[in-house]
Amino acid sequence: MPSQHTLTIQTGAEVVAIERLLQVTRYRGFQLAGMEMKPLADMSGLLVTLNILTDKPISLLTTQLNKLFDVQHLELHASQLLQRVGSE
């Protein structure tokens, strides 16, 4: 059963940081369900929120994202299981 996870990631100000986040997410086989990006108040970087759908352990993704040079901070928020509605 798939679950939805929300990650909040603080990165450097370079746009290439977003490309790397999305690339790792895709390479690891995770589905992106939504994304929000905004500059930090002091304009020193970006605050990125990713909504991820997966059947895999989310730690497989967070471990790889934390290895990226651009990632300054990563926070995993409460996850929720999604129930599939079957046809009768």
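## Close-up views of a predicted model

**View 1. The loop residue D55.** With a relative accessibility of 56%, D55 counts as exposed. D55 belongs to the loop that runs between β3 and α2. Look across to Q31 as well: its C-alpha atom is 9.7 Å from that of D55, although the two residues are 24 apart along the chain.

**View 2. A charge over a ring, K56 and F30.** Here the charged end of K56 sits over the ring of F30, at 5.4 Å from the ring centre. If you are wondering about rings paired with rings, the count of aromatic pairs comes to 0. F30 will turn up again in the close-up of L61, as one of the residues in contact with that leucine.

**View 3. The buried side of helix α2.** Helix α2 spans residues 59–66, and its buried residues are L61, T62, Q64 and L65. These four lie on the same side of α2, because they cover an arc of only 165° around the axis. What lies over them?

**View 4. L61 and its contacts.** Zooming in on L61, we leave aside neighbours within four places in sequence and find contacts with L7, V24, T25, F30 and I52. L61 is also among the residues with the most contacts inside the largest nonpolar core, which is the subject of the next view.

**View 5. The largest nonpolar core.** This core has 16 residues, and those with the most contacts inside it are L7, I9, L21, I52, L61 and L65. At least two core residues come from each of β1, α1, β3, α2 and β4. Which strand gives the most to this core? That is β3, with 4 residues. As a general reminder, nonpolar side chains in soluble globular proteins tend to be buried together.

**View 6. The salt bridge between R20 and D70.** The structure holds 1 salt bridge. Its partners are R20 and D70, whose closest N and O atoms are 2.5 Å apart. Distant parts of the chain are linked by this pair: R20 lies in helix α1 and D70 in the loop between α2 and β4, 50 residues apart. Are the two partners buried or exposed? R20 counts as partly exposed, at 33% relative accessibility, whereas D70 is buried, with a relative accessible area of 7%.

Definitions and conventions. Residues numbered from 1 in each chain as written. Predicted model: local features only at pLDDT ≥ 70, side-chain atom pairs only at ≥ 80, totals over all residues. Heavy atoms only, no water. Buried < 20%, exposed > 50% of the residue type's maximum accessible area, 1.4 Å probe, protein only. Arc of directions from axis to C-beta. Core = buried A, V, L, I, M, F, W, Y, C linked by side-chain atoms within 4.5 Å. Contact = heavy atoms within 4.5 Å. Phe/Tyr/Trp six-rings, centres within 6.5 Å; stacked < 30°, edge-to-face > 60°. Lys NZ or Arg CZ within 6 Å of the ring centre and 35° of its normal. Salt bridge = Lys/Arg side-chain N within 4 Å of Asp/Glu carboxyl O.
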